[in-house]
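Here's a quick briefing on a sheet and the helices packed around it. Have a look at the fold, then run through the points below.

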Amino acid sequence: MNPILSSLFALSLFSSLSSSTHTHQCHFPAIFNFGDSNSDTGGLSAAFGQAGPPHGSSFFGSPAGRYCDGRLVIDFIAESLELPYLSAFLDSVGSNFSHGANFATAGSPIRALNSTLRQSGFSPFSLDVQFVQFYNFHNRSQTVRSRGGIYKTMLPEADSFSQALYTFDIGQNDLTAGYFANKTVEQVETEVPEIISQFKNAIKNIYGQGGRYFWIHNTGPIGCLAYVIERFPNKASDFDSHGCLSPLNHLAQQFNYALKQAVTELRSSLAEAAISYVDVYSVKHELFLHAQGHGFKRSLVSCCGHGGKYNYNKSIGCGMKKIVKGKEVYIGKPCDEPNKAVVWDGVHYTQAANKFIFDKIAPRLSMACHRQ
């Protein structure tokens with residue numbers, strides 16, 4: 001990458017992330033996460049069936065509930081805070097919630113959708129449902145923990161809820177749901193205020209439960225993802241010079257503008273809250289635009305999939321197999337170098353891309369307990 005461009009990108013990112021000069025670093029004993037597949041560590045798999053191989057192959061060695069070849073940004077956040085990887089709230093097998101819980105599920109929107117998972121591909125665990133799950137967990141965990149024994153080691157201490165970092169990565173599915181329902185980009189834009197209103201309500205509700213430290217990701221450049229690009233025929237004029245759909249990226253930016261305004265309003269109304277607005281859009285967009293300069297070989301083309309310009313087919317997903325001469329073989333197979341690809345399966349990012357994203361946003365993480 002051109003060193004001047006690199007310097008300007010770093011300056012832009014850190015100026016948007018860093019406005020505080022506090023000297024002492026924060027300590028978070030727990031993380032409570034809310035979101036969609038960008039941060040789902042096993043919720044949807046527990047509810048509707050495991051995300052099978054080759055998911056998880058680059059790090060865990062086997063499927064680990066993540067729609068990725070390895071770790072997600074939330075996993076790198078946990079590592080950096082020296083906390084265990086988050087167990088999915090919905091997963092009853094092998095889970096430990098002593099240092100937090102993950103309420104995210106793949107396909108989750110902020111706003112509840114009037115459809116089933118099988119009809120639309122979107123999760124019924126919208127953000128309001130995730131809050132209800134958190135509310136119940138908060139109250140019941142302390143009742144059960146008071147029994148002592150193993151319960152005391154598997155559930156968070158009462159103080160953890162006020163000292164924890166509350167992380168959010170959600171909103172992408174609200175935008176794509178409207179688009180996939182044949183609404184125009186302009187029609188989806190008119191729904192953004194209501195979506196953001198519901199997001200603000202969730203933050204206020206968690207604040208009412210004692211949450212004080214919030215880490216909020218904006219949404220990424222959805223117009224650069226194969227599952228969006230391939231959904232409908234597009235005009236050549238809709239694509240930018242890097243092959244992304246400009247109208248869809250504009251939609252994501254409109255959502256992010258409204259989200260940033262909401263964060264400003266929440267900072268004013270929630271007197272004890274420290275709220276970090278984290279611009280992952282810029283980081284992800286930079287990665288698509290200058291993938292090779294950052295050590296990647298593939299930007300828009302999926303690592304794991306089958307056929308077409310982007311190695312993506314919604315009918316032949318990553319990991320799909322068929323029987324050939326009595327032997328089971330991959331149709332949706334992974335590439336040889338997932339660490340050189342930005343996109344894992346046409347929808348989600350690879351572990352390598354997630355690490356790149358985390359490294360760019362990490363400097364602010366240790367200051368996330370300070371009000372801005």
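Axes here are lines fitted to C-alpha atoms, for helices over the stretch in contact, and angles run from 0 to 180 degrees between N-to-C directions. Helices (H or I, at least four residues) and strands (E, at least two) are DSSP runs, numbered from the N terminus. This is a predicted model, where local features need pLDDT of at least 70, side-chain atom pairs count only at pLDDT 80 or more, and totals for chains, interfaces and linings use all residues. Residues are numbered from 1 along each chain as its sequence is written, and side-chain values use heavy atoms, leaving out hydrogens and water.

**The sheet**
- Five strands make an open sheet in the order E2-E1-E3-E4-E5, with parallel pairing (two strands pair if DSSP finds at least two bridges between them).
- At the edges sit E2 (100-102) and E5 (274-278), each pairing on one side only.
- From one strand to the next, the twist averages 15°.
- E3 (residues 165-169) pairs with E4 (residues 213-217) over four bridges, in the parallel sense.
- Thr 167 has Trp 215 in E4 as its bridge partner.

**Helix H10**
- H10 (residues 192-208) packs on the sheet and touches E1 (31-35), E3 and E4, contact meaning heavy atoms within 4.5 Å.
- The direction of H10 makes about 160° with that of E4.

**H10 against H12**
- The axes of H10 and H12 (residues 246-269) come within 10 Å and cross at roughly 35°.
- H10 residues including Phe 199 and Ile 203 meet H12 residues including Phe 255 and Leu 259.
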